[in-house]
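Here's a quick tour of a fold and its ligand site. Have a look at the model first, then read on.

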Amino acid sequence: MTDTWNKRTLAVHGGTKRSQFGELSEAIYLTQGFAYDSPEQAEARFLQAGEDEFIYARYGNPTVAMFEERIAALEGTEDAFATASGMAAVTASLMSLLKAGDHVVSAKALFGSCLYVLEEILGRYGVEVTFVDGADLDQWRAAMRDDTRAVFFESVANPTLELVDIAGVAEIAHAHGALVIVDNVFSTPVFSRAVDLGADVVVYSATKHIDGQGRTLGGVILGTKDYVRKTAEPFLKHTGAAMSPFTAWVMLKGLETMDLRVRAQAEGALKLAQALEGHAALERVIYPGLAAHPQHALMQEQMGQGGTVLSFDVKGGKDAAFKMLNALEIIKISNNLGDAKSIVTHPATTTHQRLPDAQKAELGITPGLLRLSVGLEDAGDLIADVTGALAAL
Ligand SMILES: *Cc1c(COP(=O)(O)O)cnc(C)c1O
């Protein structure tokens with residue numbers, strides 16, 4: 001029956017498990033352990049846990065399982081494993097698969113912590129990583145080797161909003177037998193077509209649009225039953241980055257309203273980008289939903305909409321950008337995104353601070369660049385806030 005349900009229905013009802021009380025809203029099973037009827041039952045469950053049989057919350061929990069089933073149904077994957085944060089999901093998606101001697105090809109424009117994992121951590125364990133310009137398929141092609149085990153990229157890169165052609169990279173990777181792992185945060189599960197386009201593993205920071213209200217940290221790894229249960233799960237259940245049942249409940253409730261929120265936020269982001277395009281105080285406005293964005297056509301095919309985040313470069317560099325930030329009244333200076341509250345970030349001095357200046361320049365993280373995650377406020381008020389702050393320059 002759920003096979004015929006559309007996303008909005010799955011987001012509300014998918015994965016629900018009810019106790020003998022028939023509670024309407026999902027229960028929070030705030031328990032670390034599960035009592036067995038007999039030692040024989042414990043023995044059998046440790047050998048092979050069946051459907052709806054749990055052992056220990058680090059391995060799985062009924063509330064967490066509801067979240068996993070619901071998000072897998074939405075994304076169109078066979079299975080999912082929920083994690084303590086988005087970074088736990090990114091790290092486990094790679095570390096659970098790779099061993100010393102393996103090779104990975106990755107886009108170089110990444111969220112700061114993703115870059116740290118690929119640039120600093122994997123190498124320590126003997127995994128070689130080649131970084132490429134994610135938008136250039138020739139570079140992906142040239143970097144592939146016989147020992148390339150996986151490719152990794154953000155479908156829309158943070159904070160420069162450059163898209164990677166999922167279908168194009170998947171075709172190249174699959175020709176070499178490499179697994180395609182996509183960090184899909186900026187696409188959001190609402191606009192994602194990642195699996196249709198060839199992604200094997202999709203990773204989300206649930207902290208972003210899935211919670212969507214800045215309350216909890218979480219993440220999820222989605223893929224085939226085989227990858228999730230035989231590769232990701234053994235690594236995760238023994239290394240311990242489990243999602244708490246309370247967090248899973250917050251995320252379940254987040255999924256119920258995600259479609260409405262994300263569509264409203266994307267609408268606001270488009271209005272804001274259109275209002276700021278060509279503004280005299282700005283060097284450039286970056287938003288894939290603008291017709292002028294060089295990857296506008298790819299965005300339409302891959303996401304259908306430009307997403308909830310835009311970036312813009314303030315003329316006058318860091319000083320001008322800081323002056324503008326100090327003049328804002330509604331939009332908050334913080335570093336989350338996908339939140340109901342609009343949030344602005346200065347990547348060069350925060351999320352990407354540790355990168356050398358040359359690397360920042362290469363990635364397009366200029367001194368005046370600001371990333372704006374559009375929330376649920378009135379778009380007119382947000383436009384007035386930004387243009388008012390720019391007028392202060
Ligand atoms: C936020 C983010 C992460 C990390 O997620 P956390 O939940 O903060 O650990 C990873 N990738 C991208 C693209 C992100 O935006």
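In what order do the strands of the open sheet of 5 strands run, and what kind of pairing do they have? The order is 8-9-12-11-10, and the pairing is mixed.

## Ground rules

What you're looking at is a predicted model, where local features need pLDDT of at least 70, side-chain atom pairs count only at pLDDT 80 or more, and totals for chains, interfaces and linings use all residues. Numbering starts from 1 along each chain as its sequence is written, and side-chain values use heavy atoms, with hydrogens and water left out.

Strands here are DSSP runs of E with at least two residues, helices are H or I runs of at least four, and both are numbered from the N terminus. Two strands pair if DSSP finds at least two bridges between them. Strand 8 (282-286) and strand 10 (332-333) sit at the edges with a single partner strand each, so one side of each has no neighbour in the sheet.

Strand 8 and strand 9 (residues 309-314) run antiparallel, joined by 4 bridges; Ile286 has Ser311 in strand 9 as its bridge partner. Helix 10 (residues 245-276) lies across strand 8, strand 9 and strand 12 (369-373), at about 20° to strand 9. Contact means heavy atoms within 4.5 Å, and angles run from 0 to 180 degrees between N-to-C directions, with axes fitted to C-alpha atoms (for helices, over the stretch in contact).

Strand 2 (residues 103-107) pairs with strand 3 in the parallel sense over 5 bridges, and His103 has Glu128 as its bridge partner in strand 3.

## Around the ligand

There are 14 residues around the ligand, and Met87, Asp183, Ser205, Thr207 and Lys208 come nearest; a residue counts if one of its heavy atoms lies within 4 Å. A polar side-chain atom of Asp183 is 2.6 Å from a ligand nitrogen atom, while one of Ser205 is 2.7 Å from a ligand oxygen atom.

Conventions. A polar contact is a pair of N or O atoms within 3.5 Å; within protein, one must be able to donate a hydrogen and the other to accept it, and residues adjacent in sequence count only if both atoms are side-chain atoms.
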